[in-house]
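Here's a walk through the inner spaces of this protein and a few of its helices. Keep the structure open while you read.

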Amino acid sequence: MMREAQTKDQAGDRSLIGALSPGQRQWSVWLVLLAAASTFALTMGTRQSMGLFVSPLNSATQLGLAQISLAFAFGQLWWGLTQPFAGAMADRIGAGRVLLIGVLLVAVGTFITPYMTSTWGLIFAVGVLSAGGAGMAGPAVLMGTTARLIPERYRGMATGIVNAGGSTGQFLITPLAGALMIGMGWANALQVMAVLVLVALPAIWVLKGKPEVVAPAVAAATPGAAEAAKAMGSRAVIAQALGNRSYVLLSVGFFVCGFHVAFLGTHLPGVIESCGLPVQFGAWALAMLGLFNIIGSLAMGWAVGHWRMKSLLSLVYAVRAVAVLAFMLAPKTGAVALIFAAVMGLTFLSTVPPTVGLVAKFFGTRHMAMLFGLVMLVHQMGGFLGAWLGGKVFEATGNFDIVWIIDILLAVAAALIHLPIREARLAKPAGAALAG
């Protein structure tokens, strides 16, 4: 009976794409990639454009920038905490339902934000509903679902395309949000964006399904895999990882990345506004972050095959430190703001490919999702600090200079922290199932 069930599962797996004709198969691969990338574009683009609304929210609620930043900072943390649980839920009930709930939560949270007049109300709308929904319809579920639905030979390309989808959404949606703010006011603009997120709903039908149809086939094709996976429990794997110096150093560096990304995503429009530039420059600066992040991510994906990943990470953080220092010293014109956003965009999420690569190189792929999930959680802890501290410092001093100085120091520290990392693959303990 077990063998019969496995046979049915294998047939189900082949029916996803493998059983199609070559022409149909290629069309289906691109359909899956389009569905995943567009979903990520809409949720990530909406989430990343929220920085444009910090100043209007402050003016409308009179809560103060620090309190509003707290809501956005909580969203950074909640987005990171949501993803491991969303991935586990997708494994159990299928990605379609998880993505549906995620998209609806983003839409509802964004729609009700203009009605929130208290700190706790903003935390609920922005930090819990919108950020939690974006986490449920975020990279953990989308990457896993894409890898399951398409043939293995396309998975490397698929990861890059889906990741680029989020940046494409930021590039396209932030200027649209800025234009809507000017044309119809910030509250109406938010609600139009909430409706726009629902465009992702048809894509969920393409991405629906349960991972269980694949797992038994894989187990049958690789006898002993299940026993090997049980050789080390999750606690033992985590304990070994946390006891590894290179893994800890990598996580600390990713904390700095989270600080940079969240501070820029939340406060760059405010930085530009404090320089006396029109509001549209804030929207275009966020768009430039997204556009050049596509370029930086693709370039880094190529570079990890040619240079040591720890060296590439050190270079990225060093470039950030130099770029921030140059921006602090340069005259604050529109051109300078956009060039700065472009340079930071090149390094924005280009840290992800080498970070993922190093985790896999240290421990293999058996527990990759869990171990990278922990690193991602540390990243979002840095994101919480970057988003919250930006508002706190501005409220106390009237400018962001102290945060920029902290940013530079953290970037230099991160550049140095990566140098002692041992990039050679670690020895596997007897009985361990860390190897992929």
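## Closed spaces inside

A quick heads-up: this is a predicted model. The count of cavities of 30 Å³ or more comes to 2. The largest cavity has a volume of about 190 Å³, and 17 residues line it. If you want to zoom in on its centre, Arg47, Gln48, Met50, Phe72 and Val126 are the lining residues that lie nearest. Two or more lining residues come from each of α2 (22-48), α4 (65-93), α5 (95-112), α6 and α14 (245-274). By class, that lining has 6 nonpolar, 10 polar and 1 charged residues.

The second largest cavity has a volume of about 40 Å³. Its lining is made up of Phe40, Met44, Asn163, Gly166, Ser167, Gln170, Asn293, Phe348 and Leu349. Here the elements giving two or more residues are α2 and α8 (155-184), and α8 gives the most, with 4 residues. What classes do the lining residues of the second largest cavity divide into? There are 4 nonpolar and 5 polar residues, and no charged ones.

## An open pocket

The largest share comes from α14, with 7 residues.

## Ser130 in helix α6

Let's pick out one residue. Ser130 is found in helix α6, which runs over residues 119-136. Is Ser130 buried or exposed? Its relative accessibility is 11%, and because buried means under 20%, Ser130 counts as buried.

Leaving aside residues up to four places away in sequence, Ser130 touches Leu105, Val106, Gly109, Thr110 and Ala125.

Helix α20 covers residues 401-417, which makes 17 residues. At 1.5 Å a residue those should span 24 Å, and the end C-alpha atoms are 24 Å apart, so the two values agree.

The buried residues in α20 are Val403, Trp404, Asp407, Ile408, Ala411, Ala414 and Ala415. Why do they end up on the same side of α20? Because they cover an arc of only 145 degrees around the axis. The general rule behind this kind of pattern is that an α-helix has 3.6 residues a turn, so residues three or four places apart point the same way. Turn to the face of α20 directed away from its buried side and you'll find the exposed residues Leu409 and Leu416.

## Helix α18

Helix α18 (residues 352-363) has 12 residues. From its first C-alpha to its last it reaches 17 Å, close to the 16 Å expected at 1.5 Å a residue. Buried in α18 are Val352, Pro354, Thr355, Gly357, Leu358, Val359, Phe362 and Phe363.

Terms used. Residues numbered from 1 in each chain as written. Predicted model: local features only at pLDDT ≥ 70, side-chain atom pairs only at ≥ 80, totals over all residues. Heavy atoms only, no water. Buried < 20%, exposed > 50% of the residue type's maximum accessible area, 1.4 Å probe, protein only. Contact = heavy atoms within 4.5 Å. 1 Å grid on protein atoms, 1.4 Å probe; cavity = no way out; pocket = protein on both sides within 12 Å on 5 of 7 lines; lining within 4 Å. Points joined across faces, edges and corners; volume = space filled by probe spheres on them. Nonpolar A, V, L, I, M, F, W, Y, C, P; charged D, E, K, R; others polar. Expected span 1.5 Å × (residues − 1). Arc of directions from axis to C-beta.
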